[in-house]
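Welcome! Take a moment to look over the sequence and the 3D view below, and then we can walk through a few places together.

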Amino acid sequence: MPAPGENLRIDSARLWDSLMEMAKAGPGVAGGNNRQTLTDADAEGRALFRDWCQAAGCTMGVDTMGNMFATRPGTDPDALPVYIGSHLDTQPTGGKFDGVLGVLAGLEVIRSMNDLGIRTRHPVVVTNWTNEEGARFAPAMLASGVFAGVHTQDYAYARTDLDGKRFGDELARIGWVGDETVGARRMHAMFELHIEQGPILEAEGRDIGVVTHGQGLWWLEITLTGKDAHTGSTPMKMRVNAGLGMARITERVHQIAMSHQPDAVGAVGQVNVFPNSRNVIPGKVVFTVDIRSPDQAKLDAMRAEVERAAHAVAAELGLGCEIEAVGHFDPVTFDPGLVTVVRAAAERLGFSHMDIVSGAGHDACWINRVAPTVMIMCPCKDGLSHNEAEDILPQWAAAGTDVLFHAVLETAQVVS
């Protein structure tokens, strides 16, 4: 099947307008977005996306995890669809582009196909995966994980947020429980366009990152239990300080990651301190350790070392220690054939590019288990993400979407 002509381009102004319009749903306090999953803001963003897709002639399907599938039919009713997917949910202090670019770029591919009268043998489906971020309901990539058989739906529905609200209840509350069985859809391929969320592409002056691999990840939720006591009147030697334990473990996580260089990272992210009072020694701390590497052996070693260190610190300080793995995926190798298609599209369009490993988890990491999958990345300013100051240039968004457009058309097989 011949590749699409190099003169084909998406409507970059329309793509940018769509990104800015979606950003009005769940605005943040500092110029970004707070559109956490299964909130009213999420429902608003979903409705806008649905309306845009239907206006573009797509039919919208929704499964029982709230995953949205906008389908543009192909000419062959027996051909499996080519999927383009990412997410519309954000961090509490998120940006306008993380995840959103991948969904709205997929919509722009559909719109550009309509403008140019392009037909494909395979249907093309644009997907919004539910709860990719994991900020409100851990773990991340929850709904794509159910789709890929990593989690059960019962497990997902039972996840709770910090207020004790259940995922299943909140999905029903915002009105986005669909009727499709999760995971019943079969895919010819899936593409995910995403901002890099790191500084490499911008520093190297490259337009496109061809994602060959994804880092593996463990999220370990550690609960340390000590004794609440008055800060001023409790002698230092008589304290059972859960906060001190967390501090020591935080330092050990950094040391462990540094000892496994290159290609290993680790930090403590979410922290909840109890009773969280100025003059009370913390009697309980719950915090999450995030460790990542594209090397399976390193990832496994780091987890074992973090757990040993946590138990050792707790024993030294007289603390109770419980550790629960609340998020995990193994390192990912994306489909070599699709990687070649993306690389060739970037070259054909004249964009500078480089192979890159994704430092973050994405829905494509789970879908890679059930279908050929690949990711495309574009730069983001200063590598900043999960921050309201997250930013990209319009030409970066356009370049990534043009590469996506060409790669999807080649894979979906244009019909002359």
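The paragraphs below visit an aspartate, a helix, a threonine, some charged pairs and the cysteines. Keep in mind as you go that this is a predicted model.

Let's begin with Asp 98, which sits in the loop between strand S3 (82-86) and helix H3 (100-116). This residue is buried and yet has no salt bridge. Its nearest side chain of opposite charge belongs to Arg 35, 9.3 Å away, and a salt bridge needs the nitrogen and oxygen to be within 4 Å. What Asp 98 does have is a polar contact, side chain to side chain, with His 386 (3.2 Å). Around Asp 98 you will also find other residues that it touches, among them His 87, Asp 89, Glu 133, His 194 and Glu 390.

Most of H3 is covered, as 14 of its 17 residues are buried. After the helix comes Gly 117, with a positive phi near 65 degrees.

Next, find Thr 212 in strand S7 (residues 208-214). Thr 212 has a relative accessible area of 14%, so it counts as buried. Its side chain makes a polar contact with the side chain of His 213 (2.9 Å). Residues from elsewhere in the sequence touch Thr 212 as well, including Val 332, Phe 334, Arg 343 and Asp 355.

Now for the charged pairs: the structure has 19 salt bridges. One of them joins Arg 166 and Asp 169, whose closest N and O atoms are 3.1 Å apart. Both partners are partly exposed, Arg 166 at 33% relative accessible area and Asp 169 at 44%. Another links Arg 173 and Glu 170 (3.2 Å, N to O). These two are about one helical turn apart, because they lie three residues from each other in helix H6 (residues 167-173). Here Arg 173 is partly exposed at 45%, whereas Glu 170 is buried at 8%. Shared partners tie Glu 170 and Arg 173 into one network of salt bridges with Asp 40, Arg 136 and Asp 161.

Finally, which cysteine sulfur is closest to that of Cys 378? The answer is Cys 380, at 7.4 Å, which is too far for a bond. Cys 378 is buried, with a relative accessible area of 0%. Across the whole structure, a search finds zero disulfides.

How values were computed:
Residues are numbered from 1 along each chain as its sequence is written. This is a predicted model: local features need pLDDT of at least 70, side-chain atom pairs count only at pLDDT 80 or more; totals for chains, interfaces and linings use all residues. Side-chain values use heavy atoms; hydrogens and water are left out. Helices (H or I, at least four residues) and strands (E, at least two) are DSSP runs, numbered from the N terminus. Buried means under 20% relative accessible area, exposed over 50%, partly exposed in between (1.4 Å probe, protein chains only). Lys and Arg count as positive and Asp and Glu as negative; His and the chain ends are not counted. A polar contact is a pair of N or O atoms within 3.5 Å; within protein, one must be able to donate a hydrogen and the other to accept it, and residues adjacent in sequence count only if both atoms are side-chain atoms. Contact means heavy atoms within 4.5 Å. A disulfide is a pair of cysteine sulfur atoms within 2.5 Å. Lists of a residue's contacts leave out its neighbours within four places in sequence.
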